[in-house]
Amino acid sequence: MRNNFIGGAWTRGADTRDNINPSDTTDVIGEYAQADAAQTADAITAARRAFPAWRAAGIQARADALDVIGLELAARKEELGRLLSREEGKTLPEGIAEVNRAAQIFRFFAGEALRPGGETLPSVRPGMDVHITREPVGVVGIITPWNFPIAIPAWKIAPALAHGNCVVFKPADLVPGCGWALAEIISRSGLPEGVFNLTMGRGSVVGQTLLESADVDAISFTGSENTGARVMATAGARFAKLQLEMGGKNPLVVLDDADLDRAVEVAVQGAYFSTGQRCTASSRFIVGKGIHDRFVAGVQERLAGLKVDDALAEGTDIGPVVDGNQLEQDLAYVDIGRQEGARLVCGGERLQRDHDGFYMAPALFADTDPAMRIAREEIFGPVACVIPADDYEHALTLANDSPFGLSAGICTTSLKHASDFRQRVEAGMVMVNTPTAGVDYHVPFGGRKGSSYGSREQGRYAAEFFTTVKTAYVAP
C-alpha cells in the first residue's frame, strides 16, 4: 500500500486504487491510497500551519532541500524511468529521459532559490528609496496530468518550494506511482513538516477541495481545456491566483522548399512519439501543394517502420495509449474523420500484442478540411491530419485558425519565411525545422488563446506565478 503524505506523516486513504500497466493490463503495479475531502482539508491545514516558518527559513534551506531531491532523482533515473514507462506507457528511453529532466529541474531551482532578485530605486521624491521585492504566495495547490507524471510535477513543485511556498500536490489518478515516488524522495529532503503534502485521489474530490478552500492561495493546473474552465470558474470566483495549461492543436507548416526527409522526421517525432500524448504534439500538418503528395507518402512510409509494442520492450518506438477510455476516444476520432470525409492513409486500428494492452496503430489522415473536427479538436493520441496549403500566407492563416495557441512549427529553407512565421504565428512557442514537442527545462513554457491562462511555467519566469511583488517606500 502506498499512502498519502500529510503534515509530515504517511496517512492511509479513505479508499484505494490499483495502478494498472497499460502495456499489460494483468500487471498491477501497486495499490495506492485515495484521499477524501477531509484528508485533503487536513493537508491544506498542515501547509497553512507550516507556511510562516518555511517562509522565514531562508534561501539556503530551500536550495539544500531541492538539491537533495534533484541528486536522488538523477541517481535513480533508470529505476524511476522504468516505473514511469510501466504505469504511463511511454517507451523506456523516454521514461528515463523524463526522470532525468525532473532531476535537472529541481537542481535548476535549487540555484534559483539563491537568486530571489529584487530592485532598489530612487523615488521621484528626494531622499526616499523604493524597495521592490518578491514574496511567496502562500499555500499552492498543484494539480498535474498523467502524460508527464514526473516532469510536470517537478516543474511546478520545485519553483513553489524554491520561492518559499507550501504545497499540496494532487497527481493524476491514472499515474499515482510516479507522484508517490517523487513525494517519498521529497519527504526525506529535510523539509519541515507540512511544507509538502501529497493527496492522491479523484479530481472531483481532492481537486475540488483544493479549488474551493480559502486557505489555498494559488492553483497551478495542467489538464484539459474543459477542466481548466471549471478550475477558473471555481477558484477564480474566490480570487485565487491561477496558472492553467490546457492543451493544443498544434500546427506544423511544411513549405514547398522544405528538406523533405527532415520534414518527415520532424512531423513523425512531433506527432506520434510518446503515443501522441503531449499537449505540444503536432496534430495538423499544413503542407504546401508542391510537396504535399511526397510528404504524405514519406510519413506513411516512416510510420510503417515504427514498432508499436510494450513500453519496456527493447526497440519499441511507440508504447500503448494510457488507458481504455483514452483508446476509445482516439478510435472514435478516427471514425469521426472517416465520416467527415477525410482519407485515412494508414493506421487508426487497435492492435493486439503478446500482452493485453491499449495499443493503437498511429493514424494519418489526408484530404482534410480545416473545418473538420479532427482538424480543430484536441485528440491527445497518435492521430494527425494533413491540410493542403496554396502558399505561405495561406499556410500561416491555417496555422492561426485554431482556438488553441500552444506550440507551432515550420519546416522551410527560407530564412524570410522562418523569420516571418516566428513573428506572426499565434503560439507561445515556435519551432523552426524541429519538432513542436520538446522544450528545455530552463526556458518559459506556455501558450496563448485556449491553451494557457496566467503566468508562464519553467525557468526564471516561474517566479511570476509563485511570488507576489511588494513595493516599499523608505524615508529617512
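Which residues are linked with Glu72 in a network of salt bridges?

## Network and total

Arg76, Glu79, Glu184 and Arg188 are linked with Glu72 in a network of salt bridges. A salt bridge here is a side-chain nitrogen of Lys or Arg within 4 Å of a carboxyl oxygen of Asp or Glu. By this rule, the count comes to 25 salt bridges. Side chains of opposite charge can pair when their charged atoms come close.

## Basis of the values

The model is predicted, so local features need pLDDT of at least 70 and side-chain atom pairs count only at pLDDT 80 or more, whereas totals for chains, interfaces and linings use all residues. Residues are numbered from 1 along each chain as its sequence is written, and side-chain values use heavy atoms, with hydrogens and water left out.

## Individual pairs

Glu112 and Arg115 form a salt bridge whose closest N and O atoms are 2.9 Å apart. Glu112 is buried, at 6% relative accessible area (buried means under 20%, exposed over 50%, partly exposed in between, with a 1.4 Å probe and protein chains only).

Arg373 and Glu377 also form a salt bridge, with the closest N and O atoms 2.9 Å apart. Glu377 is partly exposed at 26% relative accessibility, and Arg373 is partly exposed at 36%.

## A link between strand and loop

Lys449 and Glu426 meet through their side chains in a salt bridge of 3.0 Å, N to O. Because Lys449 lies in strand β22 (residues 448-449) and Glu426 in the loop between α13 (415-424) and β21 (429-432), the pair ties together parts that are 23 residues apart in sequence. Helices (H or I, at least four residues) and strands (E, at least two) are DSSP runs, numbered from the N terminus. Lys449 is partly exposed at 36% relative accessible area, and Glu426 is partly exposed at 31%.
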